[in-house]
Amino acid sequence: MARMATTRRVVVSTIGAWFFGFLIFFPILWMVLTSFKTELEAFAIPPSFLFFHWTTENYATVQERSDYLLHAMNSIIIAGGSTLIALLIAIPAAWSMAFSPTKRTKDVLLWMLSTKMMPPVGVLVPIYLIYKTFGLLDSRIGLVFILCLGNLPIVIWMLFTYFKEIPRDILEAARMDGATIGRELVYVLTPMAIPGLASTLLLNLILAWNEAFWTLNLSTSNAAPLTTFIASYSSPEGLFWAKLSAASTLAIAPILVLGWFSQKQLVRGLTFGAVK
Amino acid sequence: MATRQTQFLARALLTPAVGLLFIWMIVPLALTIYFSTLHYSLLDPGSESFVGLENFRYFLTDPAFLASLQNTLVLVGSVLALTILLGIPLALLMDQPVIGRNFVRLMVIAPFFVMPTVSALVWKNLLMHPVSGLFAWLAKLLGMTPIDWFTDAPLLAVILIVAWQWLPFATLILLTALQSLDEEQKEAAEMDGASALSTFIYITLPHLARPITVVILIETIFLLTVFAEIFVTTGGGPGLQTTNIAFLIYSQALIQFDVGSASAGGLVAVVIANIVAFFLVRIVGRNLEA
């Protein structure tokens, strides 16, 4: 035991941490509560925190009026599709750089990272015009493509840092035993790489699900994922707080759960391995 | 031992990723540079003509540019200050022996996973609405006049929303760094009679220098391009009060359809981001050696 924690210290820090944690979480909790109110109660002053008329009708209305499921499906296809394609391109690249590094590997990695630093708004005009020319505006395939490219550097970086931690000795042993590259990949590397792959997949899903620059600018209705769909509630006539809350709760719930599972990897992934 | 065969394979595996990223970087950027030298308005098709650096002169001398540059700097600076100044004590607190720390951590990290359009609209309506918002109710309860956030302090409102989204990120990174701090070093300092404050200043803070730098650089990259939060709350207004550079370029491109000027603005944004990226790449690059 490193330091003896006095009871008083535990009590004070526990109360403090819970208080501030609750404060930070409160807007989300408030949104979830509001989603179960009637529209009248959602506006009511003073607000009621728990003792209101609980109802699930907002959830039904959101689906009926605006086809929520279509947008949820778009989000799943766009986030899932872009993540899977990015992984397919990134796995071989990261594998190659981690296990057969050359003098230029470091430069290649840093160059890849630097593409992520380009502000999307800097290329908004050409991308918009290219998409317009090829009929890709408001299409799922167009969004899959652009989110995939946007996140590719992060995916490669994360996989690279994970692959690099796989002990080289094991590979050498496999090679001594005459394993071919194909066998080495399937029987030795893959099992050891699965945790890294899983967390890369998770983090990238979250980033793609919440991406709100390209989705807002390149989709309007048919291909609109949840980010764009929720933005439609910003119009003045859309002042339905309970329904906004219901739609929002549905939009963030799955990703919140995934996010909680991946919080350890989040630090590592988003800092490109600079903080572990 | 890398044989010629594996070397060839390694290169073949790397090529698709490098090629795609190269095209992704070069083609749109080249087009942006090309468009930036044209008089090119989507409202007036067929009138494209070469104008040299005229678009840059127009963009950089437009009063909207200075206003949006100032808003961008205020937004980035304030959010950085808020997330770090609140993140450090929060991370220190969570590093203490806290009962149910994992659950507290779940609550603290949650805002980071909320999509920007949701957090902006929830804050704008449910919390910051001048009549029915929770803040207005709290203000009245305390005998104060409720603030009409998006009329009287629109930029501050945007700053608060964005800071709420990024506080978890700063806190989590600082907490991760704190947990890797050598306990024995702190213990030794305490045994030698060092006060909590001097332990913090001479041991903890230097240890946090690097994660703080990382937080600043990564947040800056994302904060320079804050868009959705402005798009759904203020639309850049009232006037230009919440227009940042990203939003200015967007409105020139997709509201005024002035492709030439928006492209010039886009290049200005790229230059600004590259200055930040330069430092980040150096820091991360140093880490690659270790």
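Helices (DSSP runs of H or I, at least four residues) and strands (runs of E, at least two) are numbered from the N terminus. This is a predicted model, in which local features need pLDDT of at least 70 and side-chain atom pairs count only at pLDDT 80 or more, while totals for chains, interfaces and linings use all residues. Residues are numbered from 1 along each chain as its sequence is written, and chains are lettered from A in the order in which they are written.

**View 1. The fold of chain A.** Chain A has 13 helices and zero strands. Its C-alpha trace spans about 75 × 70 × 35 Å along the principal axes.

**View 2. The side of chain A that touches chain B.** Here 86 residues of chain A are in contact (C-beta atoms, placed from the backbone, within 7 Å) with 86 residues of chain B. Helix α1 of chain A, residues 7–34, supplies the largest share of this side, 17 residues. By class, the side comprises 64 nonpolar, 19 polar and three charged residues, where Ala, Val, Leu, Ile, Met, Phe, Trp, Tyr, Cys and Pro count as nonpolar, Asp, Glu, Lys and Arg as charged, and the others, Gly among them, as polar.

**View 3. The largest nonpolar core, around A:Ala94.** Of the 160 residues in this core, A:Ala90, A:Ala94 and A:Ile156 touch the most other members. Because domain 1 (7–57) and domain 2 (68–270) of chain A both give residues to the core, it lies between them; the domain bounds come from an automatic or database domain assignment. A nonpolar core is a set of buried Ala, Val, Leu, Ile, Met, Phe, Trp, Tyr and Cys residues joined through C-beta atoms within 7 Å, and a residue is buried if 20 or more other C-beta atoms lie within 10 Å of its own.

Methods:
Contact = placed C-beta atoms within 7 Å. Buried ≥ 20, exposed ≤ 12 C-beta atoms within 10 Å, placed from the backbone.
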